[in-house]
Amino acid sequence: MKKNLFRIVLSLFSGVFIISCDSILNKKIIQPNIIIIYTDDLGYGDVSAYKKGTLNTPNIDKLANEGIRFNNGYSSSATCSPSRYALLTGIYPWRNPRAKIITGGSLIIDTTEMTIPKILKTQGYRTGIVGKWHLGLGSGKINYNTNISPGPNQIGFDYSHIMADTQDRVPCVYIENGDVINLDQNDPIKVNFFHEKENNDYGLPTGLKNPELTTMKWHHGHNGSIINGIPRIGYMKGGEKARWSDIDMADHFLKKAQDYIKENKENPFFLYYTLQQPHVPRTPHPRFEGKSGMGPRGDAIIEADWCIGELYKTLKSEGILDNTLIIFSSDNGPVLNDGYYDDAVEKLGEHTPSGGLRGGKYSLFEAGTKVPFITYWKEKIKPGVSNKIISQIDLFNSISSIVGAEYRSKDGIDFSNLIINNQGKGRKELILEASTRTAYRNGDWVMIPPYNGPAIAPNVKIELGNSTDFKLYNLKEDPYQKTNLSKKEPEKLNEMISSFVKIRGESF
Ligand code: NG6
Ligand code: CA
């Protein structure tokens, strides 16, 4: 009774609806450990289970081949912060004007909002995040020299060990439960960014002034403070002892994730393991250098795959593999040159990060948001492939259902039956987002409205989906979006526009 009252009060505050709905597991409530493994900028074709090619990801493939490989799995957005917002809240990112790529900004999840870790806490789970956060911290200019709040610990995580934004943004330090690790109070951290009034490089070397001091050269953006030879987005002073080592980042996060698993294996736990690869700057440990033959981007993917294999081994050696549901995906599609000269373009060879899909990161075309999406649960999930449409936005409702909780977000759908039993329908329709622009998928059809802006992003050289006309594609016949059918199929186009407007509103 107390618990129910608590839930009702919580739901009133969070605006999340509680509906009575049976769990897919026929009311038998089970509490598997749940791990979401989330990569950064990994494309649909970067996983060899999706696209056999020159790059091999045996550990991710194992999850895909022994679990369910979703061929129509989507992130909510073609960039990071909005996707991560939607994943944790089950709310479309375009509903939240603050859900844009964050550079030193405030927390974009309201502390009263319901989140996946909060749901799991109501069911007695321990909850932790290890890796990239990128959902903002604090509620104003962040002071890294005191406990930083609100952050992950205020939106449902009992434990957090994170980098604040991205590996290419300052401050280059790890933050555990709100405190910068190894911070020396006599060497306080100061940070500011190009967009801030201060715009102060503290008189320290930058990529712009001192390119000779960089070991990785910037191509566009990324010409602020030089940390470990890498010029970053923004300026940073102090915190020398707290700075991360880029080449050790993968090992660092892996170790923290493994420790968390070991410490919490007696309780049901949730781990949100958010790897930094293959986002820029790509800094695989030297033991992975040259392994892919594709330069640092390929090597970083091999490193990420290795980390996932090691995490898997830990689950096995701790005896909890068969009681752990693993969900693997990526926050957005792939990009090659995202701001540094790192041979990603030059050494790509035959590899197709998007698996041939049109576009990439930042794009409204398929490759922006169609990403690897895998669910794995040893013995419980039968190996299979699904062509049903599913979005990361659906994980909120689905996870809630799996653990027998009744929270449902208004934008998500409970696909627990699909995720675990490979049964039931997928989504009929879905709004896709890229840098606040939106498109619409319904069944096999995709409609992209007209948007101003360059057709191809000048630096990253990715087709963004901007044009003066409506675009309409039938993915069944044309998965690579080569033929715009908007003129040939005016009725279909109108039908798509009106369904889109119903969800999105007129002001898309
Ligand atoms: C962009 C950065 C890009 C990357 C991206 C965020 C420039 C020119 N580009 O602004 O390098 O950091 O933000 O990527 O600075 S995401 O995957 O976290 O969304
Ligand atoms: Ca990303």
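The shell around ligand 1 comprises five nonpolar, eight polar and seven charged residues, where Ala, Val, Leu, Ile, Met, Phe, Trp, Tyr, Cys and Pro count as nonpolar, Asp, Glu, Lys and Arg as charged, and the others, Gly among them, as polar. The model is predicted: local features need pLDDT of at least 70 and side-chain atom pairs count only at pLDDT 80 or more, whereas totals for chains, interfaces and linings use all residues. Residues are numbered from 1 along each chain as its sequence is written, chains are lettered from A and ligands numbered from 1 in the order in which they are written, and side-chain values use heavy atoms, with hydrogens and water left out.

In total, 20 residues surround ligand 1 (a heavy atom within 4 Å), and the closest are Cys80, Asp168, Arg169, Asp338 and Lys361. A backbone N or O atom of Cys80 lies 2.9 Å from an oxygen atom of ligand 1.

The protein is divided into domain 1 (28-189 + 238-422) and domain 2 (431-504), with bounds from an automatic or database domain assignment. The domain centres, taken over C-alpha atoms, are separated by 27 Å. The contact between the domains (heavy atoms within 4.5 Å) takes 31 residues from domain 1 and 29 residues from domain 2.

Pockets and cavities were located on a 1 Å grid over the protein atoms alone: a cavity is a set of points where a 1.4 Å probe fits but cannot get out, a pocket is an open set with protein on both sides within 12 Å along at least five of seven lines, and lining residues have an atom within 4 Å of a point. The largest pocket has a volume of about 380 Å³, a volume being the space filled by probe spheres set on the points. Its lining has 22 residues, of which Leu336, Asn337, Val345, Val460 and Lys461 are the closest to its centre. Eleven of the lining residues are nonpolar, six polar and five charged. Because domain 1 and domain 2 both give residues to this lining, the largest pocket lies between them.

The structure also holds three cavities of 30 Å³ or more. The largest cavity, of about 50 Å³, is lined by Gly104, Lys141, Ile142, Tyr144, Val191, Phe193 and Glu196.

How values were computed:
Polar contact = N/O pair within 3.5 Å; in protein donor to acceptor, adjacent residues only side chain to side chain.
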